[in-house]
Amino acid sequence: MKKISRNQDVCIGCRLCEVYCIVAHSKSKDIIKAFKYETPRQKSRVLVEERKPYSFAIQCQHCEQPFCVYSCLTGAMYKDDDGRVLHNKDKCIGCWTCIMVCPYGAIKIDSDKKIISKCDLCIEHSEPYCVKNCPNEALELVEGEF
């Protein structure tokens, strides 16, 4: 299972991971169009926390035993064959149980849609945009157990 590893020692808190997450989930996949013209704007599934002197990106860890999946009332949260923890927006009823049980605080409310928003490892792309566009390589896609 591939997961995103973060190195807080080299993260500069530029928030480009947040920006490119929005671009990756936009209709146009274009940075200008995604921010200037698309409404509602997509929500970043990455959140940069700053605790000086460190900054680091928080996103879904695609847990081996995901509490969010076990607690989902409708089956909207699920684990695919590759080990990714994913979300089916059509089944989500907005109960927020997954948000309450996530030990990483990585699941957020997508307020425009009244459902949740979480990292999907940019499943429709070859590599997560946050990893691909991190200028200091603070984010890395790695294979292994965490």
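These are my notebook entries on a predicted protein model.

**Confidence**

I started with pLDDT. The protein has a mean of 92, and 97% of its residues reach 70 or more. Confidence is lowest in strand E6, residues 108–110, at a mean of 88. It is highest in helix H3, residues 67–71, at 97.

**Salt bridges**

I asked how many salt bridges the structure holds. The count is six. I went through several of them.

I found a salt bridge to Asp-80, with the closest N and O atoms 2.8 Å apart. I also found one to Asp-82, at 3.1 Å from N to O. Is Arg-84 buried or exposed? Arg-84 has a relative accessible area of 19%, so I logged it as buried, since the cut-off for buried is under 20%. Asp-80 is buried as well.

I noted a network next.

Then I checked Glu-49. Its salt bridge partner is Arg-51, and the closest N and O atoms are 3.3 Å apart.

**Rings**

I searched for aromatic pairs and got a count of zero. The limit on ring centres was 6.5 Å. I also looked for charges over rings. Lys-132 lies over the face of Tyr-129, and I recorded 5.7 Å from the ring centre.

**The loop between H2 and E2**

I moved to the loop between helix H2 (31–36) and strand E2 (47–51), where Tyr-37 lies. Tyr-37 has a relative accessible area of 57%, so I put it down as exposed. Which residues form a nonpolar surface patch with Tyr-37? I found Ile-31 and Ile-32. The three together have about 320 Å² of accessible area.

Pro-40 is also found in the loop between H2 and E2. I read 44% relative accessibility for Pro-40, so it counts as partly exposed. That class lies between the 20% and 50% cut-offs. Last, I took a C-alpha separation. Pro-40 and Ser-26 are 14 residues apart along the chain, and I noted 9.7 Å between their C-alpha atoms.

Notes:
Residues are numbered from 1 along each chain as its sequence is written. This is a predicted model: local features need pLDDT of at least 70, side-chain atom pairs count only at pLDDT 80 or more; totals for chains, interfaces and linings use all residues. Side-chain values use heavy atoms; hydrogens and water are left out. pLDDT is the predictor's confidence in each residue, from 0 to 100. Helices (H or I, at least four residues) and strands (E, at least two) are DSSP runs, numbered from the N terminus. Rings of Phe, Tyr and Trp (its six-membered ring) pair if their centres lie within 6.5 Å; planes under 30 degrees apart count as stacked, over 60 as edge-to-face and the rest as tilted. A charge sits over a ring if NZ of Lys or CZ of Arg is within 6 Å of the ring centre and within 35 degrees of the ring normal. Patches are made of residues with over 30% relative accessible area and no salt bridge: like charges are joined within 9 Å, nonpolar side chains (Val, Leu, Ile, Met, Phe, Trp, Tyr) within 5 Å. Accessible areas come from the Shrake-Rupley method with a 1.4 Å probe; for residues, only the protein chains shown count as cover. A salt bridge is a side-chain nitrogen of Lys or Arg within 4 Å of a carboxyl oxygen of Asp or Glu. Buried means under 20% relative accessible area, exposed over 50%, partly exposed in between (1.4 Å probe, protein chains only).
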